[in-house]
Amino acid sequence: MNIPMLLQHPHRDFLKVLLRTLFRRYHFIVPSSTHLRSGIPCAQPVSALGLHHAKWMLPSHGLTRTLCLQTTLKEQTEGLSDKEQKLVAELYTGLIQGQRACLAEAITLIESTHNRKKELAQVLLQKVLVHHREQEKLKGKPLAFRVGLSGPPGAGKSTFIEYFGKMLTERGHKLSVLAVDPSSCTSGGSLLGDKTRMTELSRDMNAYIRPSPTRGTLGGVTRTTNEAILLCEGAGYDIILIETVGVGQSEFAVADMVDMFVLLLPPAGGDELQGIKRGIIEMADLVAITKSDGDLVVPARRIQAEYVSALKLLRRRSGVWRPKVIRISARSGEGITEMWDTMKEFQDVMLASGELTAKRQKQQRVWMWNLIQENVVEHFRTHPTVRKRIPLLEESVLSGALSPGLAADLLLKAFKSRD
């Protein structure tokens, strides 16, 4: 459940307590018709974000936000030591100069779960964001083309990326690949094998491959992937590929951070249209049937025809682009050049219509709320009173002595009653 929906939930006081604890630097204006009091006092700062002023309007019919943020780099760096400021400055300078080592270290910093390093990461990201906006104003268009790649295991995603990536670097592009590997639910470990499957591309100085573990994140997109994209663009990479884990409804996450979503499908997999969820097909801007060579040409053509027919029945997400289905082979190279031409056509059409700009703006809002939701849940779980009661209530739910709904109510009341 996201924050806007919480006002329609029976536990309105839960949101009120969260506002008290999480947003000291926010100023709230709340109409008397709501269940929240005006001028809610707050206790803790959101120092990692460096925010110091905001206004929230909460009408009774829902949550409407007027968010006015005044953030400066000076304010963000005030709390840093000289050593920390020097580190951030060195990373930023090396990053915008295209130094791969600085890019790698910067991504490691944003992936850190250490609280202080999270704050340093946000300062670095803000500096990169300012540089990013200045460069986009000079060029008059986005700095990079963001492409999400998904497909079932065995579809040949890594093989395709290596061939496709080499073709792009030979044409003068700088390519960054953010390959997300599944983590073990038992050990928490990850093989991070994508880089080993792209041996030629990993040696290319115009390509940067960054494998990252999912850490249990559904859809294979970690919370820092969006920030890693920004860092790669700041380092001068003009094409960003995000390879995600598997196929499923959770793959909507990648569609909320890329310009174009490409679905790679193998030519032989039984009942194909039943094997792939409708939701993921609806999100695809381009469907590519892989391994279309040799004995697999005939089944690849059949599957292409099936998906062309299926896409006609789905509602179009764009007013200027109709999803296409093509056949490719990373082994023979057939269809790869045509696929890139189709992707450039998509980018040009979406830019000209203004849909790409609107899409990116919407994505930023979606990811802001996703991050807020993650942090709110984490704050709730780590609250001392709630943390003490969770084991007992979970045991009661497992034994059937307590319903999940009542257990949730008790935890929410425990969280609220601390004041």
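Trainee: Which residues are buried in helix 15?
Mentor: In helix 15, the buried residues are Leu 356, Lys 359, Arg 360, Gln 363, Trp 367, Trp 369, Leu 371, Val 376, His 379 and Phe 380. Buried means under 20% relative accessible area, exposed means over 50%, and partly exposed lies in between, computed with a 1.4 Å probe on protein chains only. Helices (H or I, at least four residues) and strands (E, at least two) are DSSP runs numbered from the N terminus.

Trainee: What kind of model is this, and how are its residues numbered?
Mentor: It is a predicted model, in which local features need pLDDT of at least 70 and side-chain atom pairs count only at pLDDT 80 or more, while totals for chains, interfaces and linings use all residues. Residues are numbered from 1 along each chain as its sequence is written, and side-chain values use heavy atoms, with hydrogens and water left out.

Trainee: How far does helix 15 reach from its first C-alpha to its last?
Mentor: Helix 15 (residues 355-381) has 27 residues and reaches 39 Å, close to the 39 Å expected at 1.5 Å a residue. The expected span is 1.5 Å times one less than the number of residues.

Trainee: And helix 13, how many residues does that have?
Mentor: Helix 13 has 16 residues, and its end-to-end C-alpha distance of 23 Å is close to the expected 22 Å. Its buried residues are Val 297, Pro 299, Ala 300, Ile 303, Gln 304, Tyr 307 and Leu 311.

Trainee: Why do those buried residues line one face of helix 13?
Mentor: Seen down the axis of helix 13, they fall within an arc of 150 degrees, so they line one face. That arc is taken from the directions from the helix axis to the C-beta atoms. The exposed residues Val 298 and Lys 312 sit on the face of helix 13 turned away from the buried side.

Trainee: Which residue forms a salt bridge with Glu 306?
Mentor: Arg 302 does, with the closest N and O atoms 3.1 Å apart. A salt bridge here is a side-chain nitrogen of Lys or Arg within 4 Å of a carboxyl oxygen of Asp or Glu. Glu 306 and Arg 302 are four residues apart in helix 13, so about one helical turn separates them. An α-helix has 3.6 residues a turn, so residues three or four places apart point the same way. Glu 306 is partly exposed at 26% relative accessibility, and Arg 302 is partly exposed at 43%.

Trainee: How many salt bridges does the structure hold?
Mentor: There are twelve salt bridges. One of them joins Glu 111 and Arg 210, with the closest N and O atoms 3.2 Å apart. Glu 111 lies in helix 5 (residues 100-111) and Arg 210 in strand 6 (residues 207-213), so the pair ties together parts that are 99 residues apart in sequence.

Trainee: Are Glu 111 and Arg 210 buried or exposed?
Mentor: Both Glu 111 and Arg 210 are buried. Another salt bridge joins the side chains of Arg 146 and Glu 233 at 2.6 Å, N to O. That pair links distant parts of the chain, with Arg 146 in strand 4 (residues 145-150) and Glu 233 in helix 9 (residues 225-234), 87 residues apart. Arg 146 and Glu 233 are both buried as well. A network of salt bridges also links Glu 84, Arg 116 and Glu 119.

Trainee: Changing topic: at what angle do helix 5 and helix 6 pack?
Mentor: Helix 5 and helix 6 (residues 115-139) pack at about 130 degrees, with their axes 8 Å apart. That makes helix 5 oblique to helix 6. Axes are lines fitted to C-alpha atoms, for helices over the stretch in contact, and angles run from 0 to 180 degrees between N-to-C directions. Angles under 35 degrees count as roughly parallel, over 145 as roughly antiparallel, 65 to 115 as roughly perpendicular and the rest as oblique.

Trainee: Is the crossing of helix 5 and helix 6 left-handed or right-handed?
Mentor: Helix 5 passes helix 6 in a left-handed crossing. A crossing is left-handed if the near helix is turned anticlockwise from the far one by less than a right angle, and right-handed if clockwise.

Trainee: Where is Lys 291?
Mentor: Lys 291 lies in the loop between strand 9 (286-289) and helix 13 (297-312). Lys 291 has a positive phi of about 55 degrees although it is not a glycine, and it is partly exposed at 36% relative accessibility.
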